[in-house]
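Open the model in a viewer and keep the selection panel at hand. The stops below are meant to be followed in order.

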There are 2 protein chains.
Amino acid sequence: MIEYRIDWQEAAEAKAAAEEAFYHLVEEQEKGISGYYLLPERSRMIVEEVKATLLPTSTVQEADTVVVIGIGGSSLGAKAVDRILRPVTPGAKRMVFFENPDPLEVLEKIETLERERTLFCVISKSGGTIETTTLYKVLIDRLGLAPDGADRERIFVITDEGSILHRYADAHGLRSFFIPANVGGRFSVLSAVGVVPLTLAGYDVCALLKGAQKLHQDFFDRRADHILQKGAFYVRHWRERPMNVLFAYGTHLEDLTKWYVQLWGESLGKIDAQGERVGLTPLGHIGSVDQHSFLQLIMEGPRDKTVTFLKIDRFPRDITIPDLRLEHIEKNDYINGHSVGELLDAECEATWESIRKQGVPTDGIVLDGISPENIGELIFYYELLTSVAGALLDINTYDQPGVELGKQILRQKFQDKGDA
Amino acid sequence: MIEYRIDWQEAAEAKAAAEEAFYHLVEEQEKGISGYYLLPERSRMIVEEVKATLLPTSTVQEADTVVVIGIGGSSLGAKAVDRILRPVTPGAKRMVFFENPDPLEVLEKIETLERERTLFCVISKSGGTIETTTLYKVLIDRLGLAPDGADRERIFVITDEGSILHRYADAHGLRSFFIPANVGGRFSVLSAVGVVPLTLAGYDVCALLKGAQKLHQDFFDRRADHILQKGAFYVRHWRERPMNVLFAYGTHLEDLTKWYVQLWGESLGKIDAQGERVGLTPLGHIGSVDQHSFLQLIMEGPRDKTVTFLKIDRFPRDITIPDLRLEHIEKNDYINGHSVGELLDAECEATWESIRKQGVPTDGIVLDGISPENIGELIFYYELLTSVAGALLDINTYDQPGVELGKQILRQKFQDKGDA
């Protein structure tokens, strides 16, 4: 169960925008402009397939680690789910993510792996992501992986059908799973991209999809208009408030804020239909740590932000604060007998109230606990919100033309090295 | 060695501002308005003291873990240094940070501790930080710590002289180290706050201070005017470009970007001398991962950002990319025979060039390698830059009045619970 709270009152004008956005999303779904809408329903098949054909194999059963080789949309989503659901999923296999081509990090992670106890998911939508294919080569080399022979059963490829990576997989008899062509990387966590590694690791991905599917139903049945209202508000005020802070209370929510930053930033930073640069900048912060870091700026800096509070009402495990008196620090003893989780929750509520009192537009997302259903719903919530904002900004929410130039320059740099 | 590159050309007007800022900082140092300027010199005494009186004790020698209990300015700096210097400091004791009152995280971390192999640094400038005193109570309770008896030699207190935490330490005969009164939390990493735990853990803190001291000398001898130029540029353009992105290439630089976010955000988000809200918003990103996340927004979104690239020219360990041909993905084979570090570096250069071509003001900080001297210099660089920007924004860079309201509300919430 997730409760959504919006603290602001919105003008009537915004209601028209919300209506417009709703029909835009209906059309996107019907015409297949983006395929993410249908993933909560369709990806159940992939879960069933992995469960039926992979989980029973001795290779999978004997493995204690799932490696994901992928970057950006190919890793952030599964990483976020792994981080937040691990404490409520005893027995889940360890997941290790090879994303950044940072030699120190790669070496440290490789040292923790045993080839014969590890499964490898190579994930790239286009099939040709340079970081991913490079780290895959490094792993083949360092671990002595044999894609043609002994290790064929432990390597899985997730990519677009017909991509060069798919063709590579076919050439070696590796198992492939496909990402629908109309699902972009940052909207792909509920496709095979997230579903395959998370199911292999032992997460309840059916429940994750169920949570997303519930919100899908609610939204298109007009029982979740708060999403339209919030998206319309953000777009209406985007010039005064170009920054959207997600203040998440709970250290294990950190990777989820990173996933949100990608989704929001890469979708909504665009040149619009009129040729103008538009965009909303996402910021992820963790409470209560960042109350000691970023809060001052929100409170007294320019009024250029909105703030969303994300919190968990009940932690699956908690700690009672002992009834200890620290001499001379008795003023803090009011906390004794309460729990650490209560302190975190009260920090959230207190910060929320103090920011609201400053006139900053605030809203909240309150999870009743940590569960796959809640996390699935939360993921789908942010995807819908992104689509609503993109529709009202009059941009293509689903492309990323701005990242191509850097890729060309990169290739050129190595060609120049080769020529030198 | 650090090389600083600034890509923009600045107007003559900014030169006057830079001069103004310089004399402002001279005055701050001379009048002791902030004491951080003198830390690189003065904190050497603390290192010597820890080396002479603590490192030889059997308690410290037998310990393999240093716990820091602190939040915000009391932990971010040491955490950042630990993360980036660990790969070049074999034999350093493990460091574990208790910051966030998140029950899951706290329980996970406690499970990894053995009381008799651990040192504890309790750090709070005011002495009454609720998260810190609470987590200290939890550790006393869960680990059976005896501050009065067996564990007196393994608990160290770092706080303001005369604070309630200092008085607590005296009551139990615990060793205290002091933070100068005129050094705020976010400027305190080179005080006892960072120096004591990092020296206990085995880092070369003298070299860290030496790097900072070198830049101190360069700056006040006018050999580092690029800092003035950059600060003046940021302030001159802050309304059009209210966001400053630090794009750091290297996963182990992540905590350093968090330290920067606190320093910059909490110092520069203020009500200025004219009663107006001003502020620059810091964003920390990691390359190449966030090229797949945030880059699109920088490239095609509004022109509201500056971007600083932070990179490491030579990694202490690297990986040669094997000469493997992946059938059908031959287009990526241009990378074979190069190193993973080279790929990361080329990603940085390519992204930098593509952003610069968009007319975004860019600059770069290039470390020749990972060393304590370089990290000390980098820390001091950002502290000076923050002071320059604060001086030109006409604000008090060193206070944080905006965070008090939340603390009052928090206390009230628990009092209300008690009354209920």
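Over which ring does the charged end of B:Arg222 sit? Select B:Arg222 and B:Phe22: the charged end of the arginine sits over the ring of B:Phe22, 4.2 Å from its centre. A charge counts as over a ring if NZ of Lys or CZ of Arg is within 6 Å of the ring centre and within 35 degrees of the ring normal.

Before moving on, note that this is a predicted model, in which local features need pLDDT of at least 70 and side-chain atom pairs count only at pLDDT 80 or more, while totals for chains, interfaces and linings use all residues. Residues are numbered from 1 along each chain as its sequence is written, chains are lettered from A and ligands numbered from 1 in the order in which they are written, and side-chain values use heavy atoms, with hydrogens and water left out.

**Aromatic rings**

Switch to chain A and select A:Arg222, which lies over the face of A:Phe22 at 4.2 Å from the ring centre. Rings of Phe, Tyr and Trp (its six-membered ring) pair if their centres lie within 6.5 Å; planes under 30 degrees apart count as stacked, over 60 as edge-to-face and the rest as tilted. Over all chains the count comes to 46 aromatic pairs. A:Phe219 and A:Phe220 have ring centres 5.0 Å apart and planes at 90°, so this pair is edge-to-face. A:Phe219 is buried at 0% relative accessible area, and A:Phe220, at 16%, also counts as buried (buried means under 20%, exposed over 50%, partly exposed in between, with a 1.4 Å probe and protein chains only).

Return to chain B and select B:Phe22 with B:Phe219: the ring centres are 5.7 Å apart and the planes at 50°, so the pair is tilted. B:Phe22 lies in helix H1 (residues 12-31) of chain B and B:Phe219 in helix H10 (residues 205-220) of chain B, so the pair ties together parts that are 197 residues apart in sequence. Both B:Phe22 and B:Phe219 are buried. Helices (H or I, at least four residues) and strands (E, at least two) are DSSP runs, numbered from the N terminus.

**Two sheets**

In chain A, colour the open sheet of 5 strands with the order E3-E2-E4-E5-E6 and parallel pairing; strands pair if DSSP finds at least two bridges between them. Its edge strands are E3 (94-98) and E6 (175-179) of chain A. Zoom in on strand E2 (residues 65-69) of chain A, which pairs with E3(A) over 5 bridges; here A:Val66 stands opposite A:Met95.

In chain B, select the open sheet E1-E12-E11-E7-E10, whose pairing is mixed. Strands E11 (residues 305-312) and E12 (residues 362-367) of chain B pair in the parallel sense over 6 bridges, with B:Asp363 as the bridge partner of B:Thr308.

**The interface**

Finally, show both chains. Contact (heavy atoms within 4.5 Å) involves 120 residues of chain B and 120 residues of chain A. The two chains bury about 11,000 Å² between them, 65% of it on carbon and sulfur atoms; buried area is the accessible area (1.4 Å probe) that two parts lose on being put together, summed over both. In chain B, select B:Lys137, B:Arg277 and B:Phe414, which lose the most area to chain A, together 7% of what that side buries.
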